[in-house]
Amino acid sequence: MPGDFLTERMERMISQQKRGPHSTPGGEQCPLQSVHVYHSQTVYIKLNLNLSDTCLSPLFKIIFYEGRNFQGRHWECSSDCMDTFRHFNCCNSIRVSGGHWVAYEKPYYMGYQYILSPGDYPDYHCWMGFNNCVRSCQMFPPYRGSYKMRIYNRPDMMGHTMEFMDDCPNVHERFRFRDIYSCNIMEGYWIFYEHPNYRGRQYFLRPGEYRACGDWGCHNPMVGSFRRMRTMM
């Protein structure tokens, strides 16, 4: 199984890390980008391994700036942070130089969610922000597998249901309902949007069962569109 292969590969690298630096015969640092990562989040949990503990970490970096256009005080981050308060007061621009991230309006991964792919965001409107407040962030690992989810128009995964494997710019046109009360993310990462055509509030969903809309941080079950979160490196 791909997950078992990666687990074995990561365990070997951890063992090597205890003995000394990772290197190839040519002296190059550990090229983890050549590893095909499947269900990598599960693997890291199983190994009790943080990305910052491996040579993967330099590949993932996000920089928060207090001023627009990447000006003023800034802070670089390469791992999850549940409270950014001591690092900066406000956030008016962001540069993602590696990895995919979710920024949150409030500490402890609460409030508005903003999904950030590699690139430059010169002001908070560029990441569809509602304000210049970012108080926590999470990085999620690359994923190269398939995508599948099932949505329901009632809580506890009941009522009318439909399975999706692709993006949906207008939920009502395909699902015939505007409200999604629960869902089962079977494969891949997904993003729910409040309005059609990928607009409005964003909600990041990992694989798992969501028996109520509050489970993905929403107080309103209305979902106008959704799409797959592509994280291939």
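Buried residues, defined by a relative accessible area under 20% (1.4 Å probe, protein chains only), make up 44% of the 233 residues in the protein chain. The structure is a predicted model, in which local features need pLDDT of at least 70 and side-chain atom pairs count only at pLDDT 80 or more, while totals for chains, interfaces and linings use all residues. Residues are numbered from 1 along each chain as its sequence is written, and side-chain values use heavy atoms, without hydrogens and water.

The predictor's confidence in each residue, pLDDT, runs from 0 to 100. Its mean over the protein chain is 81, with 74% of residues at 70 or more. Over residues 1-56, however, pLDDT stays under 50. Where pLDDT is low, the predicted coordinates should not be read in detail.

The protein chain contains three helices and 14 strands, taken as DSSP runs (helices H or I, at least four residues; strands E, at least two) and numbered from the N terminus. Of the contacts (heavy atoms within 4.5 Å) with a separation of 6 or more, 69% link residues 24 or more positions apart.

Strand β8 pairs with two strands, where pairing requires at least two DSSP bridges, as tabulated here.

| Pair | Residues | Bridges | Direction |
|---|---|---|---|
| β8 and β10 | 148-154 and 182-187 | five bridges | antiparallel |
| β8 and β9 | 148-154 and 158-164 | five bridges | antiparallel |

Y152 stands opposite S182 in β10, and its bridge partner in β9 is T161. Three residues separate β8 from β9 in a hairpin, and D156 in the turn has a positive phi of about 60°.

Notes
Buried < 20%, exposed > 50% of the residue type's maximum accessible area, 1.4 Å probe, protein only.
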